[in-house]
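Student: Please take one part of this structure and go through it closely. I would like the contact between the two chains.

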Amino acid sequence: MMWTRDSQAARAARELQDGFYVNLGIGMPTLVANFIPEGVDVTLQSENGMLGMGPFPFAGEEDADLINAGKQTITELDRTSYFSSADSFAMIRGGHVDLSILGAMEVADNGDIANWMIPGKMVKGMGGAMDLVAGVKKIIVLMEHNAKDSSAKFKRACTLPLTGKGVVDMVISDLAVLARPAKGAPFRLIELAPGVDLDTLRMRTEGHFEA
Amino acid sequence: MANKLYPDAATALDGLLFDGMTIMSGGFGLCGIPENLIAALRDSGVKGITAISNNAGVDGFGLGLLLETRQIAKMISSYVGENKEFERQYLAGELQLEFNPQGTLAERIRAGGAGIPGFYTKTGVGTLVAEGKEHKEFGGETYILETGLVADVSIVKAWKADPHGNLIFRKTARNFNPMMATAGKVTVAEVEELVPAGSLDPDQIHTPGIFVQRLFVGRDYEKRIEQRTVRQRETA
């Protein structure tokens with residue numbers, strides 16, 4: 001047993017606090033919006049210039065001028081505001097966003113993250129990821145614990161070009177939740193997915209964590 | 001008052017283009033891109049362009065049109081993942097590429113337009129982006145020096161304008177357009193609607209007319225959607 005992508009997203013949603021301004025990355029992090037707990041009010045920021053992102057539109061109500069950072073059609077809410085990319089990144093780089101949840105190819109046990117480039121293969125670009133990890137107060141990574149070739153993605157050191165150094169606060173994989181109380185502190189095991197034991201986790205992890 | 005109004009994209013670009021020039025082009029993905037001006041750049045045949053744009057369009061649309069015709073020599077962008085022709089040209093060494101983090105790109109353009117030659121940011125410290133750049137400590141944290149960007153011509157897309165060049169953008173089609181309007185030696189704006197002077201609320205103008213030198217009403221907007229995502233209506 002391991003967590004499904006939905007369970008991972010639901011687990012990440014438990015980290016949301018009432019009143020938070022949150023930026024969700026493209027892919028699995030987008031699913032977190034489906035699991036926002038009852039009674040917790042969060043405002044989603046989209047780095048292409050929107051605060052207060054609503055759900056996908058109903059068919060026939062799509063608006064080409066209203067997209068999220070993943071270029072998906074979305075809707076506005078009664079709290080929504082629009083602004084330029086410079087203002088958007090003033091929010092992100094200025095430390096005004098409480099939490100960012102993003103995907104990663106690798107995370108190291110010192111908090112380094114790599115998620116934008118595989119040398120020798122096509123490079124798509126970092127988009128806003130480097131700004132998010134540098135400027136947002138808390139960084140949670142949602143990823144599979146192991147890559148397709150079964151290699152560990154939580155590593156001693158990242159092998160891919162970094163997105164940010166020492167920036168990750170929490171990793172939620174399909175096997176476990178690893179977190180640290182402060183940047184610079186070691187990661188600690190917080191929670192195991194149902195049916196996963198510590199030995200399995202250790203076997204499938206390369207980076208150091210405290211049990 | 002100086003006449004800023006032009007009949008179409010080709011006329012609005014007349015006399016501004018030269019090979020090897022730097023052009024900023026607004027938009028995020030295909031949202032809020034100057035469709036008419038990009039097509040006119042293609043038809044003009046201007047070559048060796050350095051294009052500053054968050055993205056590179058898609059195959060056959062947006063800046064993808066200028067990649068197809070090999071008019072772009074270099075791109076300064078944050079994300080180019082949607083364009084196969086881009087990938088081919090880049091891997092074949094035919095195209096130069098400078099990646100900027102999206103916030104750094106936005107701020108470099110904002111700074112350039114505001115006469116600020118450089119600024120320090122935490123973004124990219126400890127990554128490839130920081131290589132060769134000045135590092136400096138402020139309050140115990142390390143920052144890198146990034147420089148402002150300006151362009152020979154900025155091409156932007158707005159929703160509404162008045163004849164003075166005051167612009168209003170719509171929803172997330174604003175994105176990079178306002179900063180780029182400030183950072184072009186000449187800024188050319190295409191708009192969906194031109195309204196009479198005095199009919200825009202002065203408190204609601206996003207880009208004041210001082211930043212816009214030329215203006216025209218675009219036509220045949222496609223406003224393509226890259227990821228059409230919808231939800232189902234719950235049926236009773």
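Tutor: The model is a predicted one. In β12(A), A:Glu191 is the bridge partner of A:Val177. That pair belongs to β11 (residues 176-179) and β12 of chain A, which run antiparallel to each other and share 4 bridges. Both strands sit in an open, mixed sheet of 9 strands, ordered β4-β3-β2-β1-β5-β8-β10-β11-β12 in chain A. β4 (76-82) and β12 (188-192) of chain A are the edge strands; each has a single partner strand, so one side of each has no neighbour in the sheet. From one strand to the next, the twist averages 25°.

Now the contact itself. Chain B contributes 51 residues and chain A contributes 47 residues. Between them about 4,200 Å² is buried, with 61% of that area coming from carbon and sulfur atoms. On the chain B side, B:Lys171, B:Thr172 and B:Arg231 lose the most area to chain A, and together they account for 17% of what that side buries.

In chain B, α4 (84-91), α5 (102-113), β5 (118-121) and α6 (177-183) each supply at least two residues of the side touching chain A. The largest share, 6 residues, comes from α5(B). By class, this side of chain B has 19 nonpolar, 18 polar and 14 charged residues.

Conventions. Residues numbered from 1 in each chain as written. Chains lettered and ligands numbered in written order. Predicted model: local features only at pLDDT ≥ 70, side-chain atom pairs only at ≥ 80, totals over all residues. Heavy atoms only, no water. Pairing = 2+ DSSP bridges. Axes fitted to C-alpha atoms, helices over the stretch in contact; angles between N-to-C directions. Contact = heavy atoms within 4.5 Å. Buried area = accessible area lost by both parts, 1.4 Å probe. Nonpolar A, V, L, I, M, F, W, Y, C, P; charged D, E, K, R; others polar.
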